[in-house]
Amino acid sequence: MLHFNRCQHLKQIAQKCFSSTHVKTDKHAQLFLSRTFALAELRKSWHSIYSLVGDKNIILMGPPGAGKTTVGRIIGQKLGCCVIDVDDDILEKTWNMSVSEKLQDVGNEQFLEEEGKAVLNFSASGSVISLTGSNPLHDASMRHLKKNGIIVYLDVPPIDIVSRLKLMKIDRIIGQNSGTSMKDLLKFRRQYYKKWYDTRVLCENGASPEEVADKVLNAVKRYQDVDSETFISTRHIWPKDCEQKVPTKFFSEAVTEGLAPDGGLFVPEKEFPKLNFGEWKSLVGATYIERAQILLEKCIHPADIPASRLGEMIETAYGENFACSKIAPVRHLSGNQFILELFHGPTGSFKDLSLQLMPHLFAHCIPPSCNYMILVATSGDTGSAVLNGFSRLSKNDKQRIAVATFFPEDGVSDFQKAQIIGSQNENGWAVGVKSDFDFCQTSIKRIFQDSDFTGFLTVEYGTVLSSANSINWGRLLPQVVYHASAYLDLVSQGFISFGSPVDVCIPTGNFGNILAAVYAKTMGIPIRKFICASNQNHVLTDFIKTGHYDLRERKLAQTFSPAIDILKSSNLERHLHLMANKDGQLMTRLFNQLEEQHHFQIEKILVEKIQQDFVADWCSEGECLAAIHSTYNTSGYILDPHTAVAKVVADRMQDKTCPVIVSSTAHYSKFAPAIMQALKIKEISQTSSSQVYLLSSYNALPPPHEALLERTKQQRNMECQVCAADVNVLKSHVEKLAQNHFI
């Protein structure tokens, strides 16, 4: 049974949680265990319902002109099975007249009902079925077909469909009324196609029917092979015995567990999926939401999250929550520099691009009726973003998922602190820590690895711990989308042609944002150089230049760009693992040495390999303010301090032979005192809220962030707990929050 391994994984998780001797007598544990086993059996049944074996059908769905009939015949020949065309073999035989005659006889609305009835009276097994373009508009007939097959969506860009229909001399299709263009009707129908498909095939312009048929078979094979897309720890040591089983996790498990049991980070066992040239070009005219769904479908197996459900999550995440319809627009700054604006989400930072989606992924992946406490360390922006994102879950999900975010009490801007505290809600709380971000992040990792404490939480409160920092794969993955989308926007706007290289410059602290750009390149985006921009805490810059990661005698400096005031960069481990050909033994040695001796040195050959793609430099506080001032004077654009750090480094390191996309990771309103100092505005003594309003009165780009302005109006006298820099104190806060929320 294909899903046996997935069931076993879920059962092992439950058994591991309740390995304590008193579990058998604990009602919470027993309930949790029984529900987890029930989920395992549910996942096991996925095989029998959806897997294409024996008597199941391959059902081809798509708009008129997508090539369903031709592709279906080719697949039938390859598989040696029956081919059924709904138009020719069902409708016309049922009605004893042509489809066009029936349409003329009964009209559009009645035709859809008659068509649906004919399909409902039809059954087949082990066949290839080519649907009509209008079949997906009839719910009952589609449910009937879906019970016994896998629906493959032939996704052809509407502009290509219009061209094909013209060649076929078809000027009207079912449902097209006078005054409605073919393009608008095709766009309208896409919502019905998205509702039903199990797997998608991107049909790029110029692809032959034979090529599309091969893609369909590959898509079906992937759909069947539910155990093929797994994750391993960066510290996994490969067995010498080739027959020894490798411990792996599925996407859903990587997301819910957050951190690997051995202290490493989850990464795909195999390579990232790739799109070919034609597939990328077909996305040039797509919206951000469309690009996100296509790219994430390739990275998330439908056994973990079905395509239709994933699409709903993406539309919820990026629908009305973003001030800009383009979600992450690219703006030309000057010369060869472009700004990727990642601050249009509800909390005004790039973290929203992940944390509006990640909570929905997480809620779907966790076992039903199980309680989860999300622990988050924030250097400023993550705190409010994660609290906002998880607050948007359904009432039922908020009852079983709670969030505790720990931030350095004196290490974030006044606005960020007020935003974090003001974002607390019924399932999310903030705790200030009398230390820095590195302590918060390290403490959370230690809590995860404390099996006695995590076991106690599970037994006493039925609560499992997880994370929403970028150590969690579900948090990192959505960031790949905006790097790919930025490149596609440059192509769409005519600045480059597809295939031309670009550089990216990213203000970097925890290495997640720049790593997401690396993954975008792995998928096929032609990024030439990754420019790592640091502030005065330039441990990453030093490492990229020397291969020596050295925290000895280094103290964290508080800067105007607090989100990158980080010395221990978690996601660097993922990149080193990739560069070192997945050498888990090396990762274990390096990061254990970093923990114990506060430094490590990698070999020269690995340094040179990293330097093939990476360059790095850092920016002083004075240079940061000067960049904000000069950019505003020359272009009327206000950079936030993190973006200013990136611009300074881009100016210094980029050779201007290709465009450079500078990631703007936050709206300047969040750092009003620094901006006012940079622009030499004297009213610095005002409150944070009045400073934000004063800046919004300037006729500058980007425009004021309405959600941030609204935040300043909310005179909340909310407070948060503050604790000492002691991991045991943090544990006591976690226990108390779990007790209050789940008991």
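Helices (H or I, at least four residues) and strands (E, at least two) are DSSP runs, numbered from the N terminus. With that in hand, here are some exercises to work through beside the structure. The model is predicted: local features need pLDDT of at least 70, side-chain atom pairs count only at pLDDT 80 or more, and totals for chains, interfaces and linings use all residues. Residues are numbered from 1 along each chain as its sequence is written, and side-chain values use heavy atoms, leaving out hydrogens and water.

**Exercise 1. Find Lys-680 and Asn-96, and decide whether each is buried or exposed.**

Step 1. Lys-680 sits in the loop between α31 (672-678) and α32. Its phi is positive, about 60°, although Lys-680 is not a glycine.

Step 2. Recall the cut-offs: buried means under 20% relative accessible area, exposed over 50%, and partly exposed in between (1.4 Å probe, protein chains only). Lys-680 has a relative accessible area of 62%, so it is exposed.

Step 3. Now turn to the loop between α4 (86-95) and α5 (99-106), where you will find Asn-96. Phi of Asn-96 is near 60°, again a positive value in a residue other than glycine. At 68% relative accessible area, Asn-96 is exposed.

**Exercise 2. Work out the surroundings of Pro-478: which residues is it in contact with?**

Step 1. Pro-478 lies in the loop between α22 (473-476) and α23. Its relative accessibility is 1%, so Pro-478 counts as buried.

Step 2. Contact means heavy atoms within 4.5 Å. Leaving aside neighbours within four places in sequence, Pro-478 is in contact with Tyr-288, Leu-296, Tyr-318, Leu-353, Ser-354 and Leu-357.

Step 3. Try the distance tool too: 8.3 Å separates the C-alpha atoms of Pro-478 and Ala-516, which are 38 residues apart along the chain.

**Exercise 3. Locate the cis peptide bond.**

Step 1. The bond from Leu-701 to Pro-702 is cis, with omega near -10°.

Step 2. Pro-702 itself belongs to the loop between α32 (688-696) and α33 (706-713).

**Exercise 4. Judge which stretches of the model have pLDDT under 50.**

Step 1. pLDDT is the predictor's confidence in each residue, from 0 to 100. The chain averages 89, and 89% of the residues score at least 70.

Step 2. Residues 1-11 stay under 50, and the model has 37 contacts beyond four places in sequence for them. Residues 13-29 also stay under 50, with 24 such contacts.

Step 3. Where pLDDT is low, the predicted coordinates should not be read in detail.
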